[in-house]
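Hi,

Here is the structure I promised to pass along. Please open it next to this email and have a look before reading on.

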Amino acid sequence: METINKISWEIRNDIGIITLDNPPENYLFQPDFVPLETLKKWTSYDYLKGIMICGAGKHFSGGGKLENLFRMIRDKEDINKKMEKGKAVLEHIENLDIPVIAAIQGICFGGGLEIALASHIRICAENALFAFPEVNQGVIPGLGGTVRSYMKSGFPRAMKLILSGDMINAEDAQEMHLVDFVVNKHKVFDHSFTFLQKLTRDRPLTVINAVMKALKNARSLSMEEAMKEETRIFCELAVAEARRRNGSGNQ
Amino acid sequence: MEFFREFGEALYFISLCGEFHALIISGHGRHYSSGADVPVLLKEINENVVTDERGKLQHIPEFLSKNYESFLLLESLSIPVISAIRGVCLGSALELALFSHFRLCGEEAVFGLPEASFNLAPGLGGMYKLCSMAGLAFALERVLKGSTFSAEDALKHGIVDKVVPKKVLIPAAFDFARQVMQDFRVEKRGLYIKKYLS
């Protein structure tokens, strides 16, 4: 197990686990909650088939402490640069070509929610609570939370969530497509881990990477471009599989 | 392979001739279709691709790019295209259905993109469509597992527009076609579903 800035990393079987490890609320120290270089190193093991992000103890994360951010501004730190670094970390997570699941229990606020939204699948406990409380201190989510919540929930519901700063429960979060699955509160970790294993255990990494790439294209390319890429990806897998079958046929 | 060639030609004819008011796609007999014959498809691709020494593809074989072009043509038709789905609807058959403007299905219909279980992935826009209709988590789970899902699940995730008893599926598709062809415009898809299918 490795730890940096109260974020831990371990690998169990072929699943990497990132734990926001600053209990009880697992507050994040800075926008790039884990340095990009460290994250890249962690996620570069070529046998990894999936990643789970969770919080230590009862909560996922209360997000960043805004007082820290305001202090950085007072100390004339380049806050925009910091935020760009944070966004790069979340983009790295979102663009990984293995599935990333956020396993959420307790509070999932602000930057914590932004981390969850950058993951591919969100599984939460029935007692989970979600909010973008930034507005209460005169700011807005700044790590892509406005964009990603809008993409998931549509304009009216994203606007209500961000502008009100109000908390919503697991049921409402699922109703507005902010989370994908709601499970028993004692089972979030196990359920998410098992889910990820079942998703990937029978699949070679080439297939997992191909599917993740195609689904990334579905979000970022036009339909024509995404379809062309999908057919190209399919062809590459088909050639490999045809040769594999021919190979084994000759033996 | 033969299917796609004939399908492409028929579609081209329909798009030019202007005498049809709606198109219903259904399967003969109990099922819609279980998609392509994988061994045949693999053989065809392996014989038609050009790869470099690292196994990287030089270009997509023409017969495959024609397939997805015909799906794009299907979607761009100015008449309503309705898939009426009974029984199994798997792989490229589901992709075909996803490029129709509307999908009606029988209660017992079964859907899936099982390609990953053959070490492949859907290749005709199935991942694109599933992701944009049902969201990343649903698409990721179904495609990676290759597992099937029910009519009820498909309806819940916006993949089909209406589920009916299978005995009345074809008449229901015809009724709907007659209603929607009066003033069909693809942008009004949601409106037609609300008006005629809910």
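Below is what I found, taken topic by topic.

A word on the source before anything else: this is a predicted model.

Let me start with the contact between the chains. Chain A contributes 35 residues and chain B contributes 36 residues. On the side of chain A that touches chain B, helix H8 (188-200), helix H9 (205-220) and helix H10 (223-250) each supply at least two residues.

You will find an open sheet of 7 strands with mixed pairing, in the order S1-S2-S3-S4-S5-S7-S10. Strand S1 (2-4) and strand S10 (181-183) of chain A are the edges, each pairing on one side only. From one strand to the next, the twist averages 20°. Inside this order, strand S3 (residues 15-20) and strand S4 (residues 50-55) of chain A are parallel partners over 6 bridges. To see one bridge for yourself, pick A:Thr19, whose partner in S4(A) is A:Cys54.

Finally, a helix pair in chain B. Helix H1 (residues 2-17) and helix H3 (residues 62-76) of chain B have axes that come within 10 Å and cross at roughly 35°; the crossing of H1(B) and H3(B) is left-handed. From H1(B), B:Phe4, B:Phe7, B:Gly8, B:Leu11 and B:Ser15 meet B:Lys66, B:Asn67, B:Ser70, B:Leu73 and B:Leu74 of H3(B). The residues of this contact divide into 5 nonpolar, 4 polar and 1 charged.

Best wishes

Terms used:
Residues are numbered from 1 along each chain as its sequence is written. Chains are lettered from A and ligands numbered from 1 in the order in which they are written. This is a predicted model: local features need pLDDT of at least 70, side-chain atom pairs count only at pLDDT 80 or more; totals for chains, interfaces and linings use all residues. Two residues are in contact if their C-beta atoms, placed from the backbone, lie within 7 Å. Helices (H or I, at least four residues) and strands (E, at least two) are DSSP runs, numbered from the N terminus. Axes are lines fitted to C-alpha atoms, for helices over the stretch in contact, and angles run from 0 to 180 degrees between N-to-C directions. A crossing is left-handed if the near helix is turned anticlockwise from the far one by less than a right angle, and right-handed if clockwise. Ala, Val, Leu, Ile, Met, Phe, Trp, Tyr, Cys and Pro count as nonpolar, Asp, Glu, Lys and Arg as charged, and the others, Gly among them, as polar. Two strands pair if DSSP finds at least two bridges between them.
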